[in-house]
Amino acid sequence: MDISNYILYGVTLALVIVSLIKSREKTKMVFKKAWKAFENMLPQFLGVIILVGLVLAFLDPQTISRLIGQSSGWLGVTVAAVIGAVTLIPGIIAFPTAALLIAGGAGYMQIGAFISTLMMVGVVTLPIEFKFFGKKFAIIRNVLAFAFAFAVAFVIGKVMGEI
């Protein structure tokens, strides 16, 4: 761990101590709520990590690289964007998943498109959007978000030197 991690942990510990001094009951209540949120998130997190682990076990880095690696180009970006658009996982799980995929051979542009569509495009949640926002608005929003993912991939590609 580098020094910034120690600083963040130290500041966090200090703030928890201040919170305990100010109101022991509220601090306990917050920790109980945080634990409950962690318990609710853990099955999803473990499920996705296991799924990604299985994918990484069955697909060697060369296959991952060929499908969504740097050399896969815009076809790989499109594949990753479509996978992200139809997948429904929270951001707190998506980012560690992306790190595992990058370690397994995925390209930065492709992961940028995957994360962008995962967070902004909701194919699975489209019926709910239809109900609350109307069909036309929901479709336009999702199409624009999908297109934006390619802009994100382009910028990442330029920054990372992949293009």
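Me: What should I know about the model and its numbering?

Reply: This is a predicted model: local features need pLDDT of at least 70, side-chain atom pairs count only at pLDDT 80 or more, and totals for chains, interfaces and linings use all residues. Residues are numbered from 1 along each chain as its sequence is written, and side-chain values use heavy atoms, with hydrogens and water left out.

Me: Why is α6 called roughly antiparallel to α8?

Reply: The axes of helix α6 (residues 108-120) and helix α8 (residues 135-160) cross at roughly 155° and come within 8 Å. Angles under 35 degrees count as roughly parallel, over 145 as roughly antiparallel, 65 to 115 as roughly perpendicular and the rest as oblique. So α6 is roughly antiparallel to α8. Axes here are lines fitted to C-alpha atoms, for helices over the stretch in contact, with angles from 0 to 180 degrees between N-to-C directions. The helices themselves are DSSP runs (H or I, at least four residues), numbered from the N terminus.

Me: Which residues of α6 and α8 meet?

Reply: On the α6 side they include Y108, G112, S116 and M120. On the α8 side, R141, A145, F148, V152 and M160 are among them. Contact means heavy atoms within 4.5 Å. By class, the contact of α6 with α8 has twelve nonpolar, five polar and one charged residues. Ala, Val, Leu, Ile, Met, Phe, Trp, Tyr, Cys and Pro count as nonpolar, Asp, Glu, Lys and Arg as charged, and the others, Gly among them, as polar.

Me: What makes α5 roughly antiparallel to α6?

Reply: The axes of helix α5 (residues 91-103) and α6 cross at roughly 165° and come within 11 Å. That angle makes α5 roughly antiparallel to α6. G91, A94, F95, A98, L101 and I102 in α5 meet Y108, I111, I115, L118 and M119 in α6. This contact has ten nonpolar, one polar and no charged residues.

Me: How many aromatic pairs does a search of the whole structure find?

Reply: Four. Rings of Phe, Tyr and Trp (its six-membered ring) pair if their centres lie within 6.5 Å; planes under 30 degrees apart count as stacked, over 60 as edge-to-face and the rest as tilted. W35 and F38 lie 5.3 Å centre to centre, with 40° between the planes, and form a tilted pair. Both sit in helix α2 (residues 24-58), three residues apart, about one turn of the helix.

Me: Why is W35 called exposed, and what is F38?

Reply: Buried means under 20% relative accessible area, exposed over 50%, partly exposed in between (1.4 Å probe, protein chains only). W35 has 51% relative accessibility, so W35 counts as exposed. F38 has 39%, so F38 counts as partly exposed.

Me: What makes the W74 and F150 pair stacked?

Reply: The ring centres of W74 and F150 are 6.4 Å apart and the planes meet at 25°, so the pair is stacked. W74 in helix α4 (residues 73-86) and F150 in helix α8 are 76 residues apart, and the pair links distant parts of the chain. Ring pairs link W74, F146 and F150 into a cluster. W74 has 38% relative accessibility, so W74 counts as partly exposed.

Me: How do you know that I64 and T27 are buried?

Reply: I64 has 4% relative accessibility, so I64 counts as buried. I64 is in helix α3 (residues 61-68). T27 has 5%, so T27 counts as buried too. T27 is found in helix α2. Leaving aside residues up to four places away in sequence, T27 touches S19 and L20.

Technical notes: Helix = DSSP H or I, 4+ residues; strand = E, 2+ residues; numbered from the N terminus.
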